[in-house]
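Here's a quick briefing to read alongside the model. Have the viewer open, and let's start with a single side chain before zooming out.

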Amino acid sequence: MDRRTEPENKTQEDMNAESDYITDKNGIRVRMPYKTIKLVEFDNLDPKELIDIPHSARVQYRLLLMDAVLRAKVEFVKRKATVIYNHPEAKNYKDKINQQQLIEFFEKEGIHVDRNAIKERDYDYVKEHYTYAFEAPEIRESVPYGYTKEEWHKYKEEAARKKQEERAQKLKATESGEVGVQEDDEENLVKGVSDLIKQVFAKFRSINN
């Protein structure tokens with residue numbers, strides 16, 4: 001069941017608010033829990049306060065436990081934390097938190113935010129989350145290690161071309177009868193190997209007797 005369309009246990013006024021709904025490209029009417037929220041980046045964090053990668057991951061996990069936080073990433077190597085959160089001015093009934101409360105959260109974790117290195121912007125939930133996740137313009141794939149995106153696409157195109165040529169050659173061989181000859185040769189080879197194995201076992205038995 002697609003729970004994206006299910007109304008939550010809220011007031012009838014909330015559930016009937018037309019502004020809460022969008023119609024996607026398939027004509028399906030979907031209720032959006034958020035519209036415009038916030039994305040904030042805390043740069044220039046002190047690596048001594050982040051301690052190490054496992055500790056940074058624990059801080060990230062504790063951030064995600066907060067109902068007003070939709071996404072969070074704490075990066076030890078980049079000395080950076082990114083949080084997408086539901087701010088008090090957002091027009092929805094979900095739990096909210098402000099930037100100052102996020103700063104206080106980090107301070108409780110022993111991380112003092114550089115207030116001069118804070119970048120914040122509006123985050124369009126419909127465009128940047130829902131549309132990206134459920135109406136992707138193309139299938140997204142990870143490029144294997146050792147390839148650039150351009151190299152990988154070029155390799156795939158070349159592999160597809162070779163496969164198409166092999167199919168064309170097989171089709172041509174089938175029409176000319178060459179496949180049948182090849183199958184006969186393979187059958188004779190298998191029979192010859194089988195006969196050879198039988199001869200070896202027969203000789204082995206005769207020696208033992």
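The backbone oxygen of D52 sits 2.9 Å from a polar atom in the side chain of S56, a polar contact (a pair of N or O atoms within 3.5 Å; within protein, one must be able to donate a hydrogen and the other to accept it, and residues adjacent in sequence count only if both atoms are side-chain atoms). This is a predicted model, so local features need pLDDT of at least 70 and side-chain atom pairs count only at pLDDT 80 or more, while totals for chains, interfaces and linings use all residues. Residues are numbered from 1 along each chain as its sequence is written, and side-chain values use heavy atoms, with hydrogens and water left out.

**S56 and its helix**

- S56 belongs to helix α3; helices (H or I, at least four residues) and strands (E, at least two) are DSSP runs, numbered from the N terminus.
- S56 has a relative accessible area of 1%, so it counts as buried (buried means under 20% relative accessible area, exposed over 50%, partly exposed in between; 1.4 Å probe, protein chains only).
- Setting aside residues up to four places away in sequence, S56 touches L50, V74 and F76, where contact means heavy atoms within 4.5 Å.
- D52 turns up again at the start of α3, where one of its side-chain oxygens comes to within 2.8 Å of the backbone nitrogen of H55.
- As a reminder, an α-helix has 3.6 residues a turn, so residues three or four places apart point the same way.

- Four strands make an open sheet in the order β4-β5-β3-β6, with antiparallel pairing (two strands pair if DSSP finds at least two bridges between them).
- β4 and β6 (118-124) are at the edges with a single partner strand each, so one side of each has no neighbour in the sheet.
- Direction ignored, neighbouring strands of this sheet are turned by 15° against each other on average; axes are lines fitted to C-alpha atoms, for helices over the stretch in contact, and angles run from 0 to 180 degrees between N-to-C directions.
- β4 and β5 run antiparallel and are joined by six bridges, and R71 stands opposite I84 in β5.
- α3 packs on the sheet, where it touches β4 and β5, and its direction makes about 170° with that of β4.
- β3 and β5, also antiparallel, share five bridges, with F42 opposite A81 in β5.
- β3 pairs with β6 in the antiparallel sense over seven bridges, and T36 faces D124 in β6.
- β3 is mostly covered, with five of its seven residues buried.
- α4 lies across β3 (36-42), β4, β5 and β6, and runs at about 35° to β3.

**Loops to look at**

- N86 sits in the loop between β5 and α4, and at a relative accessible area of 0% it is buried.
- A polar atom of the N86 side chain lies 2.9 Å from the backbone oxygen of D95.
- Leaving out neighbours within four places in sequence, the contacts of N86 include Y34, I37, A68, L70 and N92.
- N44, in the loop between β3 and α2, has a phi near 60°, a positive value in a residue other than glycine. N44 is partly exposed, at 42% relative accessibility.
- I51, in the loop between α2 and α3, has a positive phi too, near 70°. The relative accessible area of I51 is 49%, so it counts as partly exposed.
- For background, most residues other than glycine have a negative phi.

**The whole chain**

- The chain has seven helices and six strands, in the pattern α-β-β-β-α-α-β-β-α-β-α-α-α along the sequence.
- Of the 209 residues in the chain, 26% are buried.
- Among contacts in the chain with a separation of 6 or more, 59% are between residues 24 or more positions apart.
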